[in-house]
Structure formats: C-alpha cells, structure tokens
Amino acid sequence: MNTISSIVSKVSFALLLAGSIASCNQGTKTTSEPARNDSNTVNKENLGSNKDKIVYLNSDSLSEKYQYFKDIKSKLENKVKKAQTDLQSKSTAFQREVAEYQKNAATMSAADRQATEQKLARKQDELARLDQTASSSIAKDESEEFNNVYNKITEFLKKHAAENGYKLVLTYSKTNPTVLYADPSLEITNEVIKQLNEEYKSSKK
C-alpha cells in the first residue's frame, strides 16, 4: 500500500515573534548544541532583569512530551494500520482469485477466459483506487491534525511570551539545529510542556 511513508514524529517550528521585535543587545553563540542544565528551567532572576529576553525550546522534547501531539500521532498511526489491514485483506482475496483463474484457465473456454480476465482487471483497478483514496485521506488528516497542533503551540507561546516579556522564541532540534548554542537559562521547554499539558488536560474535561 502506497500510504504516507511515515507519520511525522516531530513538529518543526519557525521562529515565533512574540509581539513587536525590539532591538536586542543579546545574541546567541553558534559553536555547539545548546547546553542544558539539570533543571532545564528558566533562571527567574535573569527574567526579572531583562524584559527583552530571547528564549528557546527543544522541539524534540516538545514532540515527545506534549500529550496532545502524542495523541494525534497515535490516532494517525492507528488509521494507517487500519487502512493497511483493510487493503491487505482485499489484496489477499484478489490474489486467490488470480491463482484460481491461473489454475483453471487451460480448461476454460475463450469467452470465459476473457470475461474472467476483464473481471480481474476491474478488481485490480479498484484496489489501486482504494490505495490512492486511503493515502490521500491519511495525508489530508495528517496535514490538518499537525496544523492544529502547531496552532495550539504558537497561540500558547504568544500568550506566554507576552506574560513573561519575551521578544523572540527560538526552537532547535538535533535534526534541525538552527540554534547551535544558547545559555541554558534561556531554555523554557519544560515549563512550556507542563503548561501545554495542563491546558490540554483541562480541555478534555
């Protein structure tokens, strides 16, 4: 079955502007992967002394720990498995019909052979259409669902940034290391995941 080659396992985030961007004297060095401290939380004293702070998120951790994202990923994977199972069942039945025809073809009349071959060709075309329909449906669902996840996160970050005086929220991941180094005190991954999960949990009640 030519379904989507893989379910997306990570959300890639563009740079998120939190309000109008003012000129910032702070920058980030680009020498190595972002260093992390044990607590992985923002230094609150630092926040108080600089209201134009640039902060960052680990999108790998976000995709692994944000429950809404995990639920959507699981939902899509289940849909892929169901589509594959349904198509495989129909494909197996079709192969049995082909084998039966091949076994009996020599004893069939020319008219019967032609009729059977036409019937098998129609069934083969139908299987191809089912495959394409399932693949298109999954691709559409994937795009819509992950767009919803992205919107949830960006809307949350706009509010979170406004409340904390952040002017720019960056993201990095091992597969897309656009941020190569940042002071660990600027990372807000854990607090964002915690609040996102609390918000998601409340929305399900």
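Okay, a bit of housekeeping. Since the model is predicted, local features need pLDDT of at least 70 and side-chain atom pairs count only at pLDDT 80 or more, while totals for chains, interfaces and linings use all residues. Residues are numbered from 1 along each chain as its sequence is written, and side-chain values use heavy atoms, with hydrogens and water left out.

So, the overall layout. The protein chain has five helices and three strands; these are DSSP runs numbered from the N terminus, with helices being H or I of at least four residues and strands being E of at least two. Reading from the N terminus, the order is β-α-β-α-α-α-β-α. The chain has 205 residues, and 36% of them count as buried. Buried here is under 20% relative accessible area, exposed is over 50%, and partly exposed is in between, with a 1.4 Å probe and protein chains only. Contact, when I say it, is heavy atoms within 4.5 Å. Take the contacts between residues at least 6 apart in sequence: 89% of those join residues at least 24 apart.

Now the helices. H4 covers residues 110-164, and its 55 residues reach 80 Å from first C-alpha to last, close to the 81 Å expected at 1.5 Å a residue. That expected span is 1.5 Å times one less than the number of residues. Just after H4, glycine 165 takes a positive phi of about 75°. H3 runs over residues 67-104, and its 38 residues should span 56 Å, which agrees with the 56 Å between its end C-alpha atoms.

What does H3 bury? Its buried residues are Tyr68, Phe69, Ile72, Leu76, Val80, Ala83, Leu87, Phe94, Val98 and Tyr101. They pack against H2, H4 and H5.

Next, H4 against H5, residues 189-203: the two axes come within 11 Å and cross at roughly 115°. For the record, axes are lines fitted to C-alpha atoms, for helices over the stretch in contact, and angles run from 0 to 180 degrees between N-to-C directions. On the H4 side we have Lys152, Ile153, Phe156, Leu157, Lys159 and His160, and they meet Glu191, Val192, Gln195, Leu196 and Glu199 of H5. Five of the residues in this contact are nonpolar, two polar and four charged.

One of the H4 residues there is worth a click: histidine 160. At 3% relative accessibility, histidine 160 is buried. Beyond residues up to four places away in sequence, histidine 160 touches Tyr166, Ile188, Glu191, Val192 and Gln195.

And then tyrosine 66, in the loop between helix H2 (59-65) and H3. Buried or exposed? Tyrosine 66 counts as buried, at 2% relative accessibility. Leaving aside neighbours within four places, tyrosine 66 is in contact with Ser61, Val149, Lys152, Ile153, Ile193, Leu196, Asn197 and Tyr200. Also, tyrosine 66 and lysine 194 are 128 residues apart in sequence but 8.2 Å apart in space, C-alpha to C-alpha.

Last topic: salt bridges. How many does the structure hold? Twelve, where a salt bridge is a side-chain nitrogen of Lys or Arg within 4 Å of a carboxyl oxygen of Asp or Glu. Lysine 75 and glutamate 145 form one, at 2.8 Å from N to O. Lysine 75 is in H3 and glutamate 145 in H4, so this pair ties together parts 70 residues apart in sequence. Glutamate 145 is buried at 14% relative accessibility, whereas lysine 75 is partly exposed at 49%.

Glutamate 97 and lysine 119 also pair up, their closest N and O atoms being 4.0 Å apart. That one links H3, with glutamate 97, to H4, with lysine 119, 22 residues apart. Both count as partly exposed: glutamate 97 at 27%, lysine 119 at 37%.

Glutamate 100 is partly exposed at 40%, while lysine 103 is exposed at 58%. And to finish, salt bridges that share partners join Glu97, Lys119 and Lys123 into one network.

How values were computed:
Ala, Val, Leu, Ile, Met, Phe, Trp, Tyr, Cys and Pro count as nonpolar, Asp, Glu, Lys and Arg as charged, and the others, Gly among them, as polar.
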